[in-house]
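Keep the picture in view as you read.

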Amino acid sequence: MQEEVENRTINLAISTSKLTLRAIVAGLRKFLQSCQKKKAEQGRDTGVHGKQTVKQLLGQNQGAANAEIDREGIRDFERIARKYGVDFAVRKDRSVNPPRYLVFVRAKDADALSAICQEQQARALSKTKRPSVLAQLRKLTQLVAAIPTKVREKRQERDR
């Protein structure tokens, strides 16, 4: 009787371990299939977005368009490009003095490039219209310096 109970217990343990192993294998297969399905839907995605190297940008096999910007406009361009969600690469051309900067974007983002350039030009114009805060501060310090000041002296009398 004892042997029969032990045999049944061992058979139950073996059958449940086979069941869990089969379930794990089936789950892994489903997971791998879903990963392959996502890759197929996305096509060839490099996983790099935003600012990147020219090699990474051209490696996406979607072509590239370029534009020239000045050194002061690079920071503004990067900020606006992130806002539009554009993949871009900045390249410095040192053959010319002063160096010029070329910005490459994917060819399908060419419309976004024109919108970014327009917004950047609008920002540049608004900066030229606005007076500098430092210049205003200098004017105000000169005005304050021109105001006559009252000098009040306190003297303490000593008894001798």
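A polar contact is a pair of N or O atoms within 3.5 Å, and within protein one of them must be able to donate a hydrogen while the other accepts it. Keep in mind that this is a predicted model. In it, the side chains of Lys83 and Glu119 make such a contact, at 2.9 Å.

Lys83 counts as exposed because its relative accessibility is 56%, and the cut-off for exposed is over 50%.

| Pair | What is compared | Distance |
|---|---|---|
| Lys83 and Glu119 | side chains, polar contact | 2.9 Å |
| Lys83 and Ile116 | C-alpha to C-alpha | 9.3 Å |

Along the sequence, Lys83 and Ile116 are 33 residues apart.

Now for the buried part of the helix. In H3, the buried residues are Ile74, Asp76, Phe77, Glu78, Ile80 and Ala81. Their cover includes strands S1 (64-69), S2 (88-93) and S3 (100-106), along with helix H4 (110-129). Just after H3 comes Gly85, with a positive phi of about 70 degrees.

What about the core? The largest nonpolar core has 14 residues, and Ile69, Phe77, Phe88, Val103, Val105 and Ile116 touch the most other members. S1, H3, S3 and H4 each give two or more residues to this core, and H3 gives the most, with four.

Finally, check out Phe88: its contacts include Phe77, Glu78 and Ala81, as well as Val103 and Val105.

Definitions and conventions:
Residues are numbered from 1 along each chain as its sequence is written. This is a predicted model: local features need pLDDT of at least 70, side-chain atom pairs count only at pLDDT 80 or more; totals for chains, interfaces and linings use all residues. Side-chain values use heavy atoms; hydrogens and water are left out. Buried means under 20% relative accessible area, exposed over 50%, partly exposed in between (1.4 Å probe, protein chains only). Contact means heavy atoms within 4.5 Å. A nonpolar core is a set of buried Ala, Val, Leu, Ile, Met, Phe, Trp, Tyr and Cys residues joined through side-chain atoms within 4.5 Å. Lists of a residue's contacts leave out its neighbours within four places in sequence.
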